[in-house]
Amino acid sequence: MVPKDEINFIFDVLVGHEVEIPDTLLVEEDDVMRQLYKYVKGSGVQKFESHWSAEVVLKYFQEGSSDGSAIDITAVFITVMPRLSVHYLSPVQLESFLDTVKPPGILQKFTPRSANHHLTQVIWTPYLMVCEKRVNTNLITQTVLSIADRVVTEKHHQATKEVPVQPATQKNLENICRMISAAVMKKTEYVLTRINLYFLSCKPVVLMFCSSLSAYENPLKGAASP
């Protein structure tokens, strides 16, 4: 069945599929981190299981961050409990975050894709898709500003503006949604009727997370063969 915490479920569905995602570490209810999902070119999304201590997580998430880009954001923590919340973390904030009791969610490695941070929300059903792309008007490297003033979160900020989603990108997003729908039907006993996804709509598009989904039980799944 489709679990309550859709934000974690969607990554299991994606295993083996060619969808680019950030390195994503699941934070479970017992505050244990042991499942890492990452995109491997040619193999798609892969799942790696191991015990992740706070020290190992901090080291892994800081790898490659000292590239001279002057970007002070290391990670993103996303949870839907009790409601959708997105937190961008500096190295110091990540270290502090790892020492606290966390709600279930996902911790993602932050990789900048453009000079201005952006986020595209997609609401998809089998009959309709709605896209909204927002871009922060401040440069991601303007570290004199707070992180909140340089990123796009689930809340509309005064420093963001809506911009058009190009037709080719819309088609790509629709194809990904249909692929996810087919994967849900294949791997579970459910049929997807609605899904709310967030992407970095660059080239290629990068799926960040799923905030909610709706589905019904497939009456044909598990039916006896004639």
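Two strands count as paired if DSSP finds at least two bridges between them. Helices (H or I, at least four residues) and strands (E, at least two) are DSSP runs, numbered from the N terminus. This is a predicted model, in which local features need pLDDT of at least 70, side-chain atom pairs count only at pLDDT 80 or more, and totals for chains, interfaces and linings use all residues. Residues are numbered from 1 along each chain as its sequence is written, and side-chain values use heavy atoms, with hydrogens and water left out.

**Stop 1: the whole chain**

The C-alpha trace spans about 65 × 40 × 35 Å along its principal axes.

**Stop 2: a hairpin**

Select residues 35-40, strand β2, and residues 44-49, strand β3. They run antiparallel, joined by six bridges. Pick V40: it stands opposite G44 in β3. Three residues lie between the strands of this hairpin, and G42 takes a positive phi near 95 degrees.

**Stop 3: the six-stranded sheet**

Now widen the view. An open sheet of six strands has the order β3-β2-β1-β6-β4-β5, with antiparallel pairing. Its edge strands are β3 and β5 (85-89), and each pairs on one side only. From one strand to the next, the twist averages 20 degrees. Angles here run from 0 to 180 degrees between N-to-C directions, with axes fitted to C-alpha atoms, for helices over the stretch in contact.

Select residues 24-27 and 105-109 next. These are β1 and β6, an antiparallel pair with four bridges. T24 has Q108 in β6 as its bridge partner.

**Stop 4: helices on that sheet**

Which strands does helix α2 lie across? Select residues 54-62: α2 lies across β1, β2, β4 (75-79) and β6, at about 40 degrees to β6. Its buried residues are V57, L58, Y60 and F61. Seen down the axis of α2, they fall within an arc of 170 degrees (taken from the directions from the helix axis to the C-beta atoms), so they line one face of the helix. E55 and K59, on the other side, are exposed. Cover for the buried residues includes β1, β2, β4, α3 and β6, where contact means heavy atoms within 4.5 Å.

Move to residues 91-98. This is α3, which lies across β4, β5 and β6 at about 120 degrees to β5. Here L94, F97 and L98 are buried. Down the axis of α3, these fall within an arc of 95 degrees, so they line one face of the helix. What covers them includes α2, β4, β5 and β6.

**Stop 5: the five-stranded sheet**

Five strands form another open sheet, in the order β9-β8-β7-β10-β11, with antiparallel pairing. β9 (160-163) and β11 (206-217) each have a single partner strand, so one side of each is left without a neighbour in the sheet. The twist averages 20 degrees from one strand to the next.

Select residues 118-125 and 128-136, strands β7 and β8: eight bridges join them, antiparallel. W124 stands opposite M129 in β8. Finish on helix α4, residues 167-187. α4 packs on the sheet, touching β7, β8, β10 (190-200) and β11, and its direction makes about 140 degrees with that of β10.

Conventions: Buried < 20%, exposed > 50% of the residue type's maximum accessible area, 1.4 Å probe, protein only.
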